[in-house]
Every structure is written in structure tokens, then in C-alpha cells.
Amino acid sequence: MKDAKIDDHDEDVRLLRSLLTSGEEQLPLGMRSRFLARLAVNSARPLRPSRAAAGVLGVMAFAGTSILTGPTWLGLIVAGATGLVYATAAYPLTALTYAPDEAPKLGLR
Amino acid sequence: MMDAGARRVAAWIDEFGPRLLGVAGAFAQDADDAEDILQETWMVALRREGCVRDDSQVGAWLYRIVLNIGRSRARKRSRRTALLTRWFWPEMALDAVAAVGTPPVAEEISTILWREVAALPSLQKTVLLHRVVDEMSTSETARAIDRAEGTVKVSLHRAIRRLAVRLRACGVDPVLLKEMRL
């Protein structure tokens with residue numbers, strides 16, 4: 001069934017605007033400062049890979065090394081070194097998870 | 001110390017924060033929950049602010065983020081509540097049934113509307129937000145979303161009709177519906 005009376009609905013839009021976008025002129029006391037504080041913390045922190053991403057890379061490195069070279073101990077060393085290097089890397093790897101809140105827990109800056 | 005992106009988001013907090021708090025409240029259990037929803041919104045905005053090239057469309061973009069976050073949280077909460085009710089507190093289900101059918105008070109209409117807007121199909125929601133929040137005309141909206149004007153008109157028409165049906169189902173005052181010409 002074809003929709004009838006398709007117009008711009010300007011009056012309906014004005015009514016919806018008055019119903020939906022009216023509200024307080026300012027945020028409650030303290031809320032604005034909390035938002036800005038969190039914003040400042042997250043913007044100042046450089047991109048860091050998450051622990052989950054470091055773990056995934058470590059497992060992949062371990063599996064790859066063990067398969068290619070044989071010794072499990074060598075795979076463990078490579079996996080550990082890979083995870084450590086990745087977790088402390090200074091350059092951002094935007095393809096992987098960005099978890100700004102995890103960096104302080106790891107003691108990384 | 002903030003970088004340029006964070007300063008941009010800080011300006012959005014001042015401009016849109018109070019209104020977005022009202023939207024977050026439609027999905028929140030209390031004031032703290034609403035603040036959490038809004039806090040998560042700003043973090044998403046900070047991560048993706050580089051994608052917003054046209055400041056005239058940032059309002060609708062922010063509203064979409066908070067609607068998605070709010071709706072996701074409300075769904076998780078209702079699933080959790082349903083599970084708990086079923087297994088531990090079945091008497092809660094009886095209270096919920098008794099509440100259905102009671103006409104909402106005026107301040108609840110905004111809450112109902114926001115929840116229904118969040119449930120709209122993506123195109124209808126985008127068009128509605130551009131028209132209502134960003135105050136764009138039909139032609140401006142069509143250019144913003146790269147669609148024909150006819151598509152914008154049809155999407156808006158269907159969105160408004162759907163909202164009216166849902167309001168009627170919730171027992172909203174018919175005078176309000178007459179004003180919406182539906």
C-alpha cells in the first residue's frame with residue numbers, strides 16, 4: 001500500500017523538537033567537571049595496546065615459533081618477548097584494541 | 001592538558017550535554033546510570049571525533065551514539081531482570097503486569113519517545129535526528145546522507161507514523177496525537 005500524504009512534516013518535526021530536545025540549560029553540579037576530567041585523562045594518554053591484544057600476539061608468536069622450530073622453550077621465550085615488546089611499544093597499533101583504562105593498571109605511561 | 005580532539009569534544013559537552021543527559025535518562029535506572037551512559041558517549045566521541053568533518057551534523061551523530069549505548073544497556077538490564085524474575089522473584093512479574101495500561105504522565109512521554117526513536121530502523125532514525133536535532137531541511141538532510149529527497153520524506157513519514165502508533169499504544173493523550181496530525 002502506497003503511503004499517502006508524504007510531505008515535509010514540518011509541524012510534526014517542530015512538535016517533536018519541543019518534546020525531545022527541551023531540558024536543563026546546564027549539566028548538574030560536578031557532572032561537567034567529571035566529564036572533562038575523564039576527557040583530559042584519556043586524551044593525554046597515548047594509544048596503548050590492551051592486555052588481551054598482547055596476549056593474543058604472544059600466543060600467536062609461541063605457536064608460530066614452536067611449529068616452525070620445534071622446541072617449546074624457544075616458543076615460550078619468543079612469546080614472552082613479543083608480548084613484552086608489544087605491551088611497552090611507544091607506537092600506536094590502531095588495528096588492535098585500544099583500552100585507555102587498562103594502561104594505569106599495567107603501570108605503563 | 002587536552003589535544004585538539006579532546007577540546008572539540010569538551011565543546012560538545014557544553015553544547016549538547018544537558019539535552020543528551022535527558023536522552024540518557026530515558027534508558028537509565030537512576031541519575032548515576034544516566035551519567036555513566038553519557039560518560040561512555042563522550043569516550044566514544046573522543047575516539048571517533050576525527051570522523052566528524054561537518055559540525056552541522058554533530059548533534060545527530062551524538063544523539064545516535066547515546067541512543068545506541070542507552071538501548072544496549074536497557075536490553076542487557078531487561079534480560080538480566082527477566083532471568084532473575086523467572087527464577088528467583090516471580091512475584092515481580094505480577095507487579096509488572098499490573099503497571100501495564102496505566103496512562104503515562106506528561107514527563108514520561110519524552111522517555112517513551114526516546115526509547116521508540118532508539119528502536120527505529122537506521123535510516124528512519126538518522127533522518128529523524130537530522131531533522132529534529134540538527135534542524136536540517138529535507139534537502140539538507142538528503143545531501144547529508146547522500147539520498148534522494150523523496151527517500152528522506154518517506155523515511156520521516158514512516159518514522160513519525162510509527163512513533164504515533166507507539167504513543168497511542170501507551171495511552172498518550174489524543175490531543176497530542178491530533179497536533180501531530182496522525
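How much area is buried between chain B and chain A, and what share of it do carbon and sulfur atoms give? The area is about 3,700 Å², with 65% from carbon and sulfur atoms; buried area is the accessible area (1.4 Å probe) that two parts lose on being put together, summed over both. This is a predicted model, in which local features need pLDDT of at least 70 and side-chain atom pairs count only at pLDDT 80 or more, while totals for chains, interfaces and linings use all residues. Residues are numbered from 1 along each chain as its sequence is written, chains are lettered from A and ligands numbered from 1 in the order in which they are written, and side-chain values use heavy atoms, with hydrogens and water left out.

**Interface**

- Chain B places 42 residues in contact with 34 residues of chain A, contact being heavy atoms within 4.5 Å.
- Seven residue pairs across the interface, both at pLDDT 80 or more, are in polar contact (a pair of N or O atoms within 3.5 Å; within protein, one must be able to donate a hydrogen and the other to accept it, and residues adjacent in sequence count only if both atoms are side-chain atoms).
- On the side of chain B that touches chain A, at least two residues each come from α1 (4-25), α2 (31-48), α5 (106-118), α6 (122-132), α8 (149-169) and α9 (174-179) of chain B; helices are DSSP runs (H or I, at least four residues), numbered from the N terminus.
- α1(B) gives the most to this side, with nine residues.
- This side of chain B divides into 25 nonpolar, five polar and 12 charged residues (Ala, Val, Leu, Ile, Met, Phe, Trp, Tyr, Cys and Pro count as nonpolar, Asp, Glu, Lys and Arg as charged, and the others, Gly among them, as polar).

**Salt bridges**

- The rule (a side-chain nitrogen of Lys or Arg within 4 Å of a carboxyl oxygen of Asp or Glu) finds nine salt bridges over all chains and three across the interface of chain B and chain A.
- B:Asp14 and A:Arg32 form a salt bridge at 2.5 Å, N to O; the pair links helix α1 of chain B to helix α2 (residues 31-44) of chain A.
- B:Arg131 forms a salt bridge with A:Asp10, with 2.9 Å between the closest N and O atoms.
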